[in-house]
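User: I am new to this structure. Please take me through it one question at a time.

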Amino acid sequence: MNKYKIVCLVLAFALLATLVRLFIPRTGTITEAVLENILQRKSVREYSAEKLRREQLDSLVRMGMAAPSSKDMRPWQFYVVDDPKLLQALAKAHPYATCVAKAPAAIVVCGDTTVTDDNGRPSQAWMNDCSAATQNILLAAEAMGLGAVWTASWPYEKSMAGVQAALEMPEGVLPLAVVAIGYPKGDAKPKDKWDKDLIHYNNVW
């Protein structure tokens with residue numbers, strides 16, 4: 001094998017190694033980033049005036065739809081609201097969501113009770129599924145440099161009725177949460193909620 005071929009082989013292996021590093025990041029780095037994102041999540045109720053792009057909002061909903069779902073029924077619907085008038089209406093309709101009035105957008109996570117399983121029965125776990133979807137949205141917002149807060153509609157009948165009326169929801173669609181979203185205003189800090197006393201291994205209390 002002449003020197004030219006050897007040089008070509010060395011360069012080819014070097015290029016391959018570079019591509020591997022670029023497109024296959026180290027697992028440790030990815031793991032640390034994910035865990036840190038979870039710990040840095042916080043409830044943000046004040047936002048700058050900067051608008052959100054529809055692509056950002058679609059990405060957040062996509063992350064919500066990646067949540068686990070009992071029997072894979074996916075009994076959810078998502079209302080993406082960026083109309084200022086509708087945001088004002090939601091804030092008035094939901095006593096726990098006044099911050100929505102000053103947010104550039106909100107995502108209303110809803111349970112769809114018209115979705116049924118193979119036996120024609122509606123989901124008995126839509127609250128769990130939609131809660132998982134809501135948490136995914138909150139974590140995705142944190143990762144995207146956005147601020148968000150979960151304001152509960154379910155199980156408060158007055159809040160649920162207000163949100164349903166404001167968005168003219170069809171029968172059978174029940175709002176679980178209104179998530180206000182925007183670029184954070186101020187410097188909100190995450191809370192350290194770690195409490196070892198709340199952990200019980202096996203059957204030891």
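User: Which residues line the largest cavity?

Analyst: This is a predicted model: local features need pLDDT of at least 70, side-chain atom pairs count only at pLDDT 80 or more, and totals for chains, interfaces and linings use all residues. Residues are numbered from 1 along each chain as its sequence is written, and side-chain values use heavy atoms, with hydrogens and water left out. On a 1 Å grid over the protein atoms alone, a cavity is a set of points where a 1.4 Å probe fits but cannot get out, and lining residues have an atom within 4 Å of a point. Here the lining is R41, K42, V44, L138, A141, E142, L146, G147 and A148.

User: How much space lies in the largest cavity?

Analyst: A search of the whole structure finds one cavity of 30 Å³ or more. Grid points are joined across faces, edges and corners, and a volume is the space filled by probe spheres set on the points. For the largest cavity, that space is about 40 Å³.

User: Which element gives the most to the lining of the largest cavity?

Analyst: Elements are DSSP runs numbered from the N terminus: helices (H or I, at least four residues) and strands (E, at least two). α5 (126-143) and β3 (147-152) each supply at least two lining residues. With three residues, the element that gives the most is α5.

User: How many charged residues are in the lining of the largest cavity?

Analyst: Ala, Val, Leu, Ile, Met, Phe, Trp, Tyr, Cys and Pro count as nonpolar, Asp, Glu, Lys and Arg as charged, and the others, Gly among them, as polar. The lining has five nonpolar residues and one polar residue. The number of charged residues is three.

User: Which residues are closest to the centre of the largest pocket?

Analyst: A pocket is an open set of points with protein on both sides within 12 Å along at least five of seven lines. The largest pocket holds about 340 Å³ of space. Its lining has 14 residues, divided into five nonpolar, two polar and seven charged. Closest to the centre are R41, K42, P190, K191 and K193.

User: What volume has the second largest pocket?

Analyst: The second largest pocket is lined by 16 residues, with Y47, A101, K102, A103 and P104 nearest its centre. By class, eight are nonpolar, two polar and six charged. The volume is about 240 Å³.

User: Is C110 buried or exposed?

Analyst: Buried means under 20% relative accessible area, exposed over 50%, and partly exposed in between (1.4 Å probe, protein chains only). The relative accessible area of C110 is 0%, so C110 is buried.

User: Why is strand β4 largely enclosed by the rest of the structure?

Analyst: Strand β4 covers residues 173-182. β4 is largely enclosed because its buried residues number nine of the 10.

User: How many bridges join strand β2 to β4?

Analyst: Two strands pair if DSSP finds at least two bridges between them. β3 and β4 pair in the antiparallel sense over six bridges, with V149 opposite A180. β2 (residues 105-112) also runs antiparallel to β4, and I107 stands opposite V179. The bridges joining β2 to β4 number eight.

User: In what order do the elements of the protein chain run?

Analyst: The chain has six helices and four strands. From the N terminus on, the order is α-α-α-β-α-β-α-β-α-β.

User: Which residues is K185 in contact with, leaving aside its neighbours within four places in sequence?

Analyst: K185 sits in the segment after β4 and is exposed, with a relative accessible area of 53%. Its C-alpha atom is 8.4 Å from that of R45, 140 residues apart along the chain. Contact means heavy atoms within 4.5 Å. Beyond its sequence neighbours, K185 is in contact with E46, Y47 and S48.

User: Which residues does Q56 touch, not counting residues up to four places away in sequence?

Analyst: Q56 lies in helix α3 (residues 54-65). At 7% relative accessibility, Q56 counts as buried. The residues Q56 touches are M144, L146 and Y183.
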